[in-house]
Each structure stands twice: as C-alpha cells, then as structure tokens.
Amino acid sequence: MLKNKVLLSCSHVFHRACLQAFEKFTSKKTCPLCRRSQYQTRVIHTGAQLFKAKCVTRIQACWRGHVVRKWYRDLRRTVPPKDAKLRRKFFEEKFTEISHRLLMSYHTDTEELLAEIDRCLAVNRSVLQQLEERCGRELTDEDWGRIQMQALHRGAHECPICLTALSVSGTPSGTGPQQPRREAVLLSCSHVFHRTCLLALEELSWGDAPRHACPLCRSHYQKKILEC
C-alpha cells in the first residue's frame, strides 16, 4: 500500500515498479488495460495517505477499546451488580481474593513450624511425666498430717461446692441449728469438700477417676476421708 503509484493519462493507476516491469517486458509503452499508447504518467500519493489514515483509525480504535475494556473490568471488580446471582458470585470472589491475600501474607516456614511442634511435644511429655511421678506416689500419714494442717490454717469452714458448713474435727460447725453430719474429704492439694459433693462432681467430669482435677486449683489429687 505504501509503494509509489502512477496515474496514466488514460485514468488507470498502477504501481510504478509494476508499470516499469510491464513496459520492459513488452518493449513498448502501452496501458496494460486499455492498450492506449503514448500515455503520460504522474506519481500520486493519495493511496498512501488513505492507507495511513486507515491505519491510524484502526490503531486509535484498538486503543480506545483497550481503555474501555480495562475501565469496565475495574468497574466490575469494584461495583457489585444488581442481579442477585451475579451479586452473590461477586462477593464470593471478593472473599476468596481476600482469603488468598491473607494466606500469602503469612510467612510459613515448615521447618520452623515442625521444630516448634517438637518443642511443644517435649514440654508436654515432661509435664505429663512429672504428673505421673507426683500422682503415682502414695502419700504417707505424715504427708496427710501436713496437708491437713495447711487446710486448717486456710480457715475454710464451708464446702466450696454446696456452700454449707463442713463437719471436720478442729473446725467450727456454725452457730445455727445442728445439721446432720456429712463426711468430709481432704485432697492432696489441701482443699476440703463434702464427700458426696466431690463424688457427684467426679461423676459429671470427663476422664478416668484418677485424673480428676480439684474444682478450686485444677490440680490432680489424691483424697482421704476425714473424721467428723
């Protein structure tokens, strides 16, 4: 389209190189279409100008289309549609994108995570081992005497579960009317409860009986029934 063109006096237009090749091949100067001889030629640039204008128009159309499509995509990413199904899909994509960005923002080192898990397991094993050693050893009468003295020094006169008076030797039973005496139990953590209250709590708690925890200090215990 950008090759030089010539206009003949017979009003026909040809590429300049094509016309020169035709004249050389026929050895005479005649129009390839109307066979008119002794014509005059004139170089014209109208076709090249039209082709350039067409190219410019096509490039501008492509660029405007790209700009409009980009603006429309940005609009669809930011403004929720009015249709219910499209609106639901829009928010699902938004939540998925936010979740993906949150996951990508976290730095997850697998080796460090596994090392941390190993450290936690080692600490838990150590605690469980100490607990086994503490709970597995039977307390002597001397130990129980020392624990009972700690309970007396604490001065607790009520069962922490039912909030009624304890009937333990060495503790006052209150100034009101005498209630039927209920067996009390001393725990290895030095807390005292009614035996029936503690048994009821143990039945409601999870786990095996030797692993019950004190309702006050949450430590595992051994227990001993006290004399009224």
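1. Confidence. The average pLDDT of the chain is 80, and 85% of the residues score at least 70. Helix H4 (residues 110-136) has the lowest confidence, with a mean of 75, while strand E5 has the highest, at 92. Where pLDDT is low, predicted coordinates should not be read in detail.

2. Main core. The largest nonpolar core holds 18 residues. Those that touch the most other members are Leu-186, Leu-187, Val-192, Phe-193, Leu-198 and Cys-214. At least two residues each come from helix H5 (141-154), strand E4 (184-187), strand E5 (192-194) and helix H6 (195-204). E4 provides the largest share, four residues. As a rule for soluble globular proteins, nonpolar side chains tend to be buried together.

3. Leu-186. What does Leu-186 touch, leaving aside residues up to four places away in sequence? Its contacts are Trp-144, Ile-147, Gln-148, Ala-151, His-191, Val-192, Gln-222, Lys-223, Lys-224 and Leu-226.

4. Another core, of seven residues, lies apart from the largest one. Val-6, Cys-10, Phe-14 and Leu-19 are among its members.

5. Helix H2. This helix covers residues 46-78, which makes 33 residues. From its first C-alpha to its last it reaches 48 Å, close to the 48 Å expected at 1.5 Å a residue. Gly-47, Ala-48 and Gly-65 are buried in H2. Strand E1 (5-8) is included in what covers the buried residues of this helix.

6. Largest pocket. The volume of the largest pocket is about 360 Å³. Its lining consists of 13 residues, and Arg-76, Arg-77, Val-79, Pro-81 and Phe-90 lie nearest the centre. H2 and helix H3 (84-105) each supply at least two residues of the lining. H3 gives the most, with six residues.

7. Positive phi values. Most residues other than glycine have a negative phi. Two residues deserve a look on this count. Leu-163, in the loop between H5 and E4, has a phi near 60 degrees, a positive value in a residue other than glycine. Ser-190, in the loop between E4 and E5, is not a glycine either, and its phi is positive at about 75 degrees. Are these residues buried or exposed? Leu-163 is exposed, because its relative accessible area of 57% is over 50%. Ser-190 counts as buried, because its relative accessibility of 3% is under 20%.

8. Ser-11. This residue sits in the loop between E1 and strand E2 (13-15). Its relative accessibility is 56%, so Ser-11 counts as exposed. Ser-11 and Cys-34 are 23 residues apart in sequence, and the distance between their C-alpha atoms is 10.0 Å.

9. Glu-202. Where is Glu-202 placed? It belongs to helix H6. Glu-202 has a relative accessibility of 13% and therefore counts as buried. Not counting residues up to four places away in sequence, Glu-202 touches His-212, Tyr-221 and Lys-223.

Methods:
Residues numbered from 1 in each chain as written. Heavy atoms only, no water. Core = buried A, V, L, I, M, F, W, Y, C linked by side-chain atoms within 4.5 Å. Buried < 20%, exposed > 50% of the residue type's maximum accessible area, 1.4 Å probe, protein only. Contact = heavy atoms within 4.5 Å. Expected span 1.5 Å × (residues − 1). pLDDT = per-residue confidence, 0-100. 1 Å grid on protein atoms, 1.4 Å probe; cavity = no way out; pocket = protein on both sides within 12 Å on 5 of 7 lines; lining within 4 Å. Points joined across faces, edges and corners; volume = space filled by probe spheres on them.
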